[in-house]
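The sequence and the structure are shown first, and the description follows.

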Amino acid sequence: MILTVNGYDFEVGTISLKRDWNIAEKYRATTESGLMLREVRGIYLTYTLTLRNINSIIYDRLLYILTQKQNMVTVTLPMGAEGTITFQAFFTAISDELVKTIGNEHHWDNLSIKFETRDILN
């Protein structure tokens with residue numbers, strides 16, 4: 001899969017790509033008769049991307065871009081059967097694990113990144 005972050009393309013192996021649609025409400029109330037009412041502000045999309053088998057140079061470059069002190073990143077990810085979606089996103093979590101060390105070289109893998117859309121989906 002090609003992951004694009006801030007205009008840079010990364011060839012990555014994918015373990016999983018999970019999507020969540022989160023509804024933001026302006027209000028939610030229950031009437032005395034028990035009827036629930038709400039006004040929806042919009043829907044925000046959250047992606048959780050878990051990667052594997054990434055070249056160590058690409059891995060370090062991707063982590064460098066993601067961990068810079070920045071408010072948001074622009075990311076392109078799969079959307080639908082054949083398309084992609086490009087959006088400004090906050091990343092809310094990054095994790096990985098050390099899988100082996102050979103000599104002085106550490107091999108990290110199973111990189112997981114959680115992106116949230118900045119704007120309401122149309």
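## Strands, core and loops

In the hairpin formed by β6 and β7, where two residues lie between the strands, glycine 103 takes a positive phi near 65°. The model is a predicted one, in which local features need pLDDT of at least 70 and side-chain atom pairs count only at pLDDT 80 or more, while totals for chains, interfaces and linings use all residues. Residues are numbered from 1 along each chain as its sequence is written, and side-chain values use heavy atoms, with hydrogens and water left out.

Strands (E, at least two residues) and helices (H or I, at least four residues) are DSSP runs, numbered from the N terminus. Two strands count as paired if DSSP finds at least two bridges between them.

Seven strands form an open sheet in the order β2-β1-β5-β6-β7-β4-β3, with antiparallel pairing. β2 (8-11) and β3 (13-30) stand at the edges with a single partner strand each, so one side of each is left without a neighbour in the sheet.

| Strand pair | Bridges | A facing pair of residues |
|---|---|---|
| β1 (residues 2-5) and β2 | four bridges | threonine 4 and aspartate 9 |
| β4 (residues 36-52) and β7 (residues 105-117) | six bridges | threonine 50 and serine 112 |
| β6 (residues 83-102) and β7 | 11 bridges | isoleucine 94 and isoleucine 113 |

Serine 112 lies in strand β7. Is this serine 112 buried or exposed? Serine 112 is buried, with a relative accessible area of 16%; buried means under 20%, exposed over 50%, and partly exposed in between, for a 1.4 Å probe and protein chains only. Its side chain and that of threonine 50 are joined by a polar contact of 3.5 Å. Such a contact is a pair of N or O atoms within 3.5 Å, and within protein one must be able to donate a hydrogen and the other to accept it; residues adjacent in sequence count only if both atoms are side-chain atoms. Leaving out residues up to four places away in sequence, serine 112 touches Thr48, Leu49, Thr50, Ala93, Ile94 and Ser95, where contact means heavy atoms within 4.5 Å.

The largest nonpolar core has 23 residues, of which Leu3, Val5, Leu51, Leu62, Val75, Leu77 and Phe115 touch the most other members. A nonpolar core is a set of buried Ala, Val, Leu, Ile, Met, Phe, Trp, Tyr and Cys residues joined through side-chain atoms within 4.5 Å. Two or more residues come from each of β1, β4, α1 (56-66), β5 (73-79), β6 and β7, and α1 gives the most, with five residues. Apart from neighbours within four places in sequence, leucine 62 is in contact with Leu3, Val5, Phe10, Leu51, Leu111 and Ile113.

Two asparagines in loops also have positive phi values. Asparagine 6, in the loop between β1 and β2, has a phi near 50° and is partly exposed, with a relative accessible area of 31%. Asparagine 53, found in the loop between β4 and α1, has a positive phi of about 50° although it is not a glycine. At 61% relative accessibility, asparagine 53 counts as exposed.
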